[in-house]
Amino acid sequence: GVLIVHDFVATGRHTGEDFSFPPNGQPPLPARGHAFVLDPSESHYYFTDDDDGTQRLCKEEVIALGEHTGPAGVYAMLHRAAQLGDG
């Protein structure tokens, strides 16, 4: 089976440990309480049925519907907020 989640928007506030996203090669960002709201995304979850009838997730696809999505989007938004001094 397939489960499709439309218009998923992640939000949060950076209050924990330093945030880093290694693939972008930038330094970790210290927690300063900055809020973020990511652009929408769509997720597709694909399931298979085991012999006992249990459904198991076998594949997930995330389709970005904007520029700021996923960990890279979080990093970009927190980095910009730190430069602007927004809370």
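Trainee: What should I know before I start?

Mentor: The model is predicted, so local features need pLDDT of at least 70 and side-chain atom pairs count only at pLDDT 80 or more, while totals for chains, interfaces and linings use all residues. Residues are numbered from 1 along each chain as its sequence is written, and side-chain values use heavy atoms, leaving out hydrogens and water.

Trainee: Which residues make up the largest nonpolar core?

Mentor: General idea: in soluble globular proteins, nonpolar side chains tend to be buried together. A nonpolar core is a set of buried (under 20% relative accessible area, 1.4 Å probe, protein chains only) Ala, Val, Leu, Ile, Met, Phe, Trp, Tyr and Cys residues joined through side-chain atoms within 4.5 Å. Here the largest one holds 6 residues: Leu29, Phe36, Leu38, Val74, Tyr75 and Leu78. Helix α1 (residues 70-84) gives the most, with 3 residues; helices are DSSP runs of H or I, at least four residues, and strands are runs of E, at least two.

Trainee: How many bridges join β4 and β5?

Mentor: Two strands pair if DSSP finds at least two bridges between them. Strand β4 (residues 41-49) and strand β5 (residues 55-64) pair in the antiparallel sense over 9 bridges. In this pair, Thr48 stands opposite Arg56, and Tyr45 opposite Glu60. They form a hairpin with 5 residues between them, and Gly53 in the turn has a positive phi of about 90°.

Note on methods
Buried means under 20% relative accessible area, exposed over 50%, partly exposed in between (1.4 Å probe, protein chains only).
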